[in-house]
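Subject: Structure for your review

Dear colleague,

Please find the structure below, with the sequence alongside. My findings follow it, and I would be grateful if you could read them against the coordinates.

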Amino acid sequence: MYNIGFIGLGRMGQAICLRLLSHDIILRVYNRTPEKATKLLDKGAVWCNSPAELGAACDIIMLCLSGEQVTEALLTDSENGLLRHCHPGCMIIDTGTISPESATYNAHLTETQGQEYISCPVSGGVEGANNGTLAAIVAAQPAVRTIIESVISRFADRITWLTSHADAQKLKIINNLAESINLLGAFEVLNIGLTHGITLDELHSVLTTCRGRSAYMDVALRFLNSNLKPSDVSLAVRCKDLCLAGSLADISRHYPISDAAIELFSRVREKYGDEQDQCEYFNFINEEKKLNDN
Ligand SMILES: NC(=O)c1ccc[n+]([C@@H]2O[C@H](COP(=O)([O-])OP(=O)(O)OC[C@H]3O[C@@H](n4cnc5c(N)ncnc54)[C@H](OP(=O)(O)O)[C@@H]3O)[C@@H](O)[C@H]2O)c1
């Protein structure tokens with residue numbers, strides 16, 4: 001029986017933890033803001049006072065943090081850093097989306113300490129975590145796959161196995177770029193339809209059955225249908241992902257649609273702030289229309 005810990009109880013981290021707890025897994029948790037652990041503690045999670053305390057008590061540690069600087073600091077901090085406190089053989093499963101370079105660096109650093117780093121970026125949103133239907137892109141040595149699969153399969157029902165940490169993150173970044181483009185397109189066509197007097201029900205009926213459909217069309221329709229229910233992806237996370245995509249290729253020179261997605265989401269973030277949901281793009285379109293009409 002492995003002792004499992006989880007650090008990073010934001011939108012996605014909490015959802016994955018709830019899913020693990022629903023499988024009766026004993027889970028130690030830590031988050032910079034302790035209040036975010038309340039719901040998990042009610043469900044039986046065990047609070048640790050620091051990453052060091054959690055690291056020393058666990059064999060498998062999962063991370064779900066906002067970005068690579070935070071992740072690297074958590075691993076290497078001279079006082080509380082995980083790598084100082086985890087025992088040899090400990091497995092660190094990082095579910096965050098970070099740059100290929102940072103993932104490769106983390107894997108190298110972890111290996112030199114006799115521990116194992118597993119890149120495990122996930123896709124499918126908070127809803128996918130709740131239902132156990134996330135897709136995971138996992139870079140791990142063959143020797144540890146069976147063990148980590150027994151944990152990952154509690155919240156993900158599709159796993160793509162790789163050996164390169166850089167490739168796992170590149171695939172995830174490309175997927176996120178597709179999501180971003182799809183979401184912008186979905187909101188634009190829905191806005192055009194509504195402007196032309198077509199009802200949301202009619203749009204829903206056509207755009208979930210004809211070839212205009214996509215996973216992010218579903219997200220956009222759900223946002224409009226259920227009183228603007230957020231998609232649980234903040235503008236900060238969306239822009240972080242797009243910034244990673246921007247560094248993958250010379251996007252501004254060669255890829256006009258990707259370039260427009262980066263520019264548009266950065267304007268939406270500037271207007272509404274880091275913590276607002278990515279679906280604010282719909283309100284952004286309406287406000288820009290008003291400005292242009294005046
Ligand atoms: N949301 C999604 O649907 C989704 C889907 C797939 C992948 N992901 C990936 O999952 C990761 C987390 O995303 P999220 O949506 O859960 O983001 P989030 O809600 O903003 O949570 C971010 C987490 O990082 C922690 N954090 C931020 N800055 C920190 C710092 N300086 N020191 C310590 N901890 C810090 C936060 O702690 P505090 O609570 O203290 O702020 C929180 O636990 C990202 O890499 C994202 O790309 C998210």
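In strand S4 (residues 60–63) of this predicted model, Ile60 and Met62 point one way, while Ile61 and Leu63 point the other way. All of these residues are buried. In a regular strand, side chains alternate between the two faces of the sheet. S4 has parallel neighbours in both S1 and S5. With strand S1 (residues 4–7), S4 pairs over 4 bridges, and Gly5 stands opposite Ile61 there. With S5, the pairing is likewise parallel and also comprises 4 bridges. Leu63 has Asp94 of S5 as its bridge partner.

Asp94 lies in strand S5 (residues 91–94) and counts as buried because its relative accessibility is 1%, under the 20% limit. The side chain of Asp94 makes a polar contact of 2.7 Å with the side chain of Tyr117. Leaving aside residues up to four places away in sequence, Asp94 touches Leu63, Thr71, Asn106, Tyr117, Ile118, Ser119, Cys120 and Pro121. For Ile118, the C-alpha to C-alpha distance from Asp94 is 6.1 Å, although the two residues are 24 apart in sequence.

Ser119, one of the residues that Asp94 touches, belongs to strand S6 (residues 116–119). Is Ser119 buried or exposed? With a relative accessibility of 0%, Ser119 is classed as buried, because the limit for that class is under 20%. The side chains of Ser119 and His165 are joined by a polar contact of 2.7 Å. Apart from residues up to four places away in sequence, the contacts of Ser119 are Asp94, Ala103, Ile137, Val138, Ala139, His165, Ala168 and Gln169.

The next element to consider is strand S8 (residues 134–139), which is mostly covered, with 5 of its 6 residues buried. Together with helix H8 (residues 142–152), S8 and S9 form a β-α-β unit that is right-handed.

Finally, I turn to the ligand. Around the ligand there are 24 residues, of which Arg11, Asn31, Thr33, Lys36 and Lys240 come nearest. Several backbone N or O atoms lie by oxygen atoms of the ligand: that of Leu9 at 3.1 Å, that of Arg11 at 2.8 Å and that of Leu65 at 3.0 Å. On its own, the ligand has 890 Å² of accessible area, and the protein covers 85% of this area. Which helices each supply at least two residues of the shell around the ligand? They are helix H1 (11–22), helix H7 (125–131) and helix H12 (235–248). H12 gives the most, with 3 residues of the shell.

Yours sincerely

Methods. Residues are numbered from 1 along each chain as its sequence is written. This is a predicted model: local features need pLDDT of at least 70, side-chain atom pairs count only at pLDDT 80 or more; totals for chains, interfaces and linings use all residues. Side-chain values use heavy atoms; hydrogens and water are left out. Buried means under 20% relative accessible area, exposed over 50%, partly exposed in between (1.4 Å probe, protein chains only). A polar contact is a pair of N or O atoms within 3.5 Å; within protein, one must be able to donate a hydrogen and the other to accept it, and residues adjacent in sequence count only if both atoms are side-chain atoms. Contact means heavy atoms within 4.5 Å. A crossover is right-handed if, with the strands pointing away from the viewer, the path from the first strand over the helix to the second runs clockwise. A residue is near a molecule or strand if one of its heavy atoms lies within 4 Å of it. Accessible areas come from the Shrake-Rupley method with a 1.4 Å probe; for residues, only the protein chains shown count as cover. Two strands pair if DSSP finds at least two bridges between them.
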